[in-house]
Amino acid sequence: MATQITLRTCRKLSQVLFLFLFLLLFRLTDYSGLDEIPYAVNIFFRWDPLVAATVLLATKTFISLLLPSLVIIALTVVFGRVFCGWICPMGTLLDGAGKVIHPSLQPNRLLRLVKYILLAVILTSSLFGLQLVGFFDPFSILIRGMTVGVDPVFNLLVSGFFDPIYRYAPQWLSNLSEPIYTALRDSVLPHRQSFFLLSTLSTSILIAVVALEKLGKRFWCRNLCPLGALLAIFSRFSLFRRFPGRSCKECQHCAPSCRMGAFDPTSRHIRHEECNLCMDCVDNCVNQPSRFRFLLPDNRLQIDISRRAFIGAGLAGMALPLLSQVNAGDRLPRPTLLRPPGADAEEFFSKCVRCGECMKVCIQNALQPCFMESGYEGMFTPRLIPRIGYCELNCTLCGQVCPTGAIHNLSHSEKKAFVIGRAVFDKARCLPFADNSPCIVCEEHCPTHDKAIKFEEVTVVKQNGESIDLRQPYVIPELCIGCGICENKCPLPGHSAVRVLSTSTTSGDEEYGYGAYNEKDNLQKRSMS
Amino acid sequence: MDRRNFLKQVAVFSSGILLAEPVFRITPDLLAAEAVAPILSIGTGKNYTSLVSSVLQPLGGMAAFVKPGDHVVIKPNIGWDRRPEQAANTHPEIVRAVVELAIMAGAKTVQVFDRTCNEERRCYVNSGIKPALDAMDSRKVQCNYIDERKFIPVTIEKGKSINKWSFYKDALQADCYINIPVAKHHGLARLTLGMKNTMGVIGGNRGKIHGNMGQNLADLNTVIRANLTIIDATRILLRNGPQGGSLKDVKVLDTVLASPDPVAADAYATTLFGLKPDEIDSTRAAAEMGLGEMDLNKMDIRTV
């Protein structure tokens with residue numbers, strides 16, 4: 001009995017440890033005082049076989065960053081869906097939520113095939129270049145929701161508690177509260193309050209996944225998770241299995257309480273691909289010593305989806321990439337849609353899994369999730385919005401944390417040369433032109449060397465007849481990398497009088513702003529020089 | 001208004017009892033103080049730590065400014081994500097030397113901060129200033145990031161161009177405020193020196209200051225009255241200021257100058273760039289307001 005309890009305790013311990021690791025890595029996804037992040041903060045994506053599979057299919061190239069996913073596949077082939085039961089932080093979160101919201105109904109077992117359909121659609125779409133994994137991958141949902149909603153709200157709540165004490169309470173009280181606040185800021189809180197577009201939408205998806213727990217234990221994992229479906233397919237071949245392979249007649253202990261609903265109600269056989277090895281049935285067993293041991297794969301039950309249905313779903317899924325290809329939106333210029341520095345010119349969409357890591361790490365809060373600016377296909381992909389935050393010249397963090405190489409990990413010299421966009425002045429609003437008043441805050445902040453924003457010294461006669469010496473700024477396009485600090489710091493209210501516009505073109509030969517320009521060529525050229 | 005009075009107002013204001021704002025006006029005693037020729041000390045040397053200390057000697061040493069038990073604010077320029085040799089920020093050795101002298105003079109706490117232009121953590125780290133101060137491992141030294149809650153609105157009564165702006169509480173409350181800018185080129189202001197460095201303790205949309213910069217800076221400096229200005233000209237940025245980025249624009253002078261008169265310090269530092277003091281708007285505006293002396297001939301200049 002003692003060993004049986006240990007097994008479940010081990011599982012819980014493992015879940016807590018991996019959840020802690022996950023949260024720790026989330027917190028470490030930040031500037032640490034070093035130019036390089038010394039930890040593999042994106043490891044949960046890099047060992048995610050679903051991410052690896054879709055990126056592999058979409059790009060048709062092998063990406064070494066995603067090698068750790070082989071470890072999870074190997075683990076699954078030997079031990080089954082142990083990843084879902086022992087490691088996955090989303091699963092842990094759902095188990096924890098289940099303890100609070102008490103799943104009520106036993107869900108319809110037919111729903112289980114939904115996850116396979118999703119998997120089939122995601123895989124075929126990615127084969128044709130449409131990357132949908134970010135909408136359904138558990139880590140994408142989790143990290144994006146945490147980055148865009150949970151973490152900023154957490155900071156808002158904590159500072160909302162301490163700030164009024166600091167501002168209005170008597171000195172002795174704030175003398176007590178401030179050290180606590182400082183300690184929190186140095187440990188669990190983000191460095192600064194961040195703000196994100198789509199904070200409600202992104203986080204609602206995460207909340208919905210958790211809320212589905214009300215319909216049944218591990219509702220998401222059983223019925224919807226495409227990563228779970230992929231691992232389920234692998235675990236059909238796994239060797240470490242429950243023995244005996246069916247629940248005992250008359251005994252009502254393990255089968256009804258199985259969190260994955262893995263026991264077939266009529267034949268009493270365990271659906272091994274659904275089992276996540278939580279060890280509850282071992283621990284709860286009263287009659288016969290049920291246990292897990294190495295056995296040859298012997299699947300008495302068919303998988304929940306037939307091969308024909310799986311392939312059918314995949315073929316039907318081909319409609320999505322085809323429809324995307326005839327979307328006229330792609331033929332329109334998107335001048336204000338800027339991508340992060342190092343964004344892959346050709347395969348950004350195929351590689352980006354919408355995980356939100358780049359937005360989490362961006363020290364200026366500049367990277368924001370897209371909504372429909374590049375179609376639903378581009379939703380949650382990162383864009384740079386200079387008026388919210390600019391791109392810090394010497395910072396290369398977004399490329400470092402990107403798990404798939406959608407944003408290249410640029411060296412310092414590559415980063416300084418990478419063209420995000422080009423600044424363009426709006427002389428109808430810019431103060432030295434429109435108002436005859438001195439300013440050139442943009443020139444002051446322009447970080448390139450030589451400065452991409454220079455000024456011309458002119459003498460103008462004001463309306464009242466008074467003449468004034470002014471410095472009027474202008475951009476030297478060849479020097480501008482589109483970091484956006486000028487747009488960010490422009491002191492005008494509302495829109496900036498200098499705006500960074502995208503230089504990439506939609507059809508390749510169309511000209512926008514400063515002319516046709518190929519980002520990829522540029523990246524290669526600059527990195528060679 | 002004297003410091004005691006001012007502190008009272010700040011204390012009363014910040015405790016929330018009275019919703020009045022601190023008010024600053026230039027008083028006759030300030031103008032009277034002009035009669036004495038302002039002293040300015042300048043020195044050259046490779047060892048910046050001893051250079052700072054010897055430059056302060058003619059002024060009476062740090063003890064003439066920092067009294068035992070004082071809460072001292074030392075305001076370097078940490079504005080940019082640049083390395084020390086790029087001359088965009090005050091040299092970390094200079095900052096550390098000033099901090100050490102203040103502590104030796106008996107300071108109770110020494111606060112070092114700046115409202116940066118680039119991301120604050122990158123600036124604090126890559127300027128070398130935070131690492132240098134952290135290495136001192138002294139509880140008295142606080143090199144913290146700006147806390148937005150500490151900006152309080154201030155009425156600048158005698159401001160000619162701006163009459164209201166928010167200032168950093170710690171800078172307003174300091175017993176002794178030591179300004180240690182780096183001397184460098186600036187596109188609009190031509191040079192950024194001590195007066196301009198005060199922009200690092202103000203809140204709000206600082207870009208607006210650029211509208212009438214010379215006078216605005218002088219107005220701000222009626223609020224923040226540096227007890228001592230030490231200008232770091234160990235290396236100066238000649239072009240592409242205020243952040244530079246290339247060593248081609250940097251000239252090594254190994255020079256430090258100091259004065260209790262902020263205008264005199266700026267005026268003299270201007271000559272290091274081959275310019276005349278009155279070519280800098282803020283120096284001229286401040287001298288006109290009686291904040292200090294800009295005529296080099298009326299200064300008591302000591303070379304060490």
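Over which residues of chain A does pLDDT stay under 50? The stretch is residues 505-529 of chain A. The model is predicted, and for this stretch it has 39 contacts beyond four places in sequence. Helix 25 of chain A, residues 519-528, has the lowest confidence in the chain, at a mean pLDDT of 42. Where pLDDT is low, the predicted coordinates should not be read in detail. The highest confidence in chain A falls in strand 3, residues 367-369, at 98. Over chain A as a whole, the mean pLDDT is 90. A value of 70 or more is reached by 94% of its residues.

Chain A is assigned two domains, according to the domain assignment. Domain 1 takes in residues 2-142 + 203-294. Domain 2 covers residues 328-528. The centres of the two domains of chain A, taken over C-alpha atoms, are separated by 41 Å. Domain 1 of chain A gives 29 residues to the contact, and domain 2 of chain A gives 26 residues.

On the side of helix 9 of chain A, the contact is made by A:Val158, A:Ser159, A:Phe162, A:Asp163, A:Ile165 and A:Tyr166. Helix 10 of chain A contributes A:Leu173, A:Ser174, A:Ser177, A:Glu178, A:Ile180, A:Tyr181 and A:Leu184. By class, this contact between helix 9 and helix 10 of chain A has eight nonpolar, three polar and two charged residues.

Helix 7 of chain A makes the contact through A:Tyr116, A:Ile117, A:Leu119, A:Ala120, A:Val121, A:Thr124 and A:Ser125. From helix 16 of chain A come A:Phe310, A:Ala313, A:Gly314 and A:Gly317. The contact of helix 7 with helix 16 of chain A has seven nonpolar and four polar residues, with no charged residues.

In helix 4 of chain B, the residues in contact are B:Pro92, B:Val95, B:Arg96, B:Val99, B:Glu100 and B:Ile103. They meet B:Ile129, B:Ala132, B:Leu133, B:Ala135 and B:Met136 in helix 6 of chain B. The contact of helix 4 with helix 6 of chain B has nine nonpolar, no polar and two charged residues.

Backbone geometry in chain A includes two cis peptide bonds. One runs from A:Phe243 to A:Pro244, with omega near 0 degrees. A:Pro244 lies in the loop between strand 1 (240-243) and helix 14 (254-257) of chain A. Another cis peptide bond links A:His449 to A:Asp450, again with omega near 0 degrees. A:Asp450 sits in the loop between helix 23 (441-445) and strand 6 (453-461) of chain A. A:Arg218 is not a glycine, yet it has a positive phi of about 50 degrees. A:Arg218 is placed in the loop between helix 11 (199-211) and helix 12 (219-224) of chain A.

Definitions and conventions:
Residues numbered from 1 in each chain as written. Chains lettered and ligands numbered in written order. Predicted model: local features only at pLDDT ≥ 70, side-chain atom pairs only at ≥ 80, totals over all residues. Heavy atoms only, no water. pLDDT = per-residue confidence, 0-100. Helix = DSSP H or I, 4+ residues; strand = E, 2+ residues; numbered from the N terminus. Contact = heavy atoms within 4.5 Å. Nonpolar A, V, L, I, M, F, W, Y, C, P; charged D, E, K, R; others polar. Domains from an automatic or database assignment.
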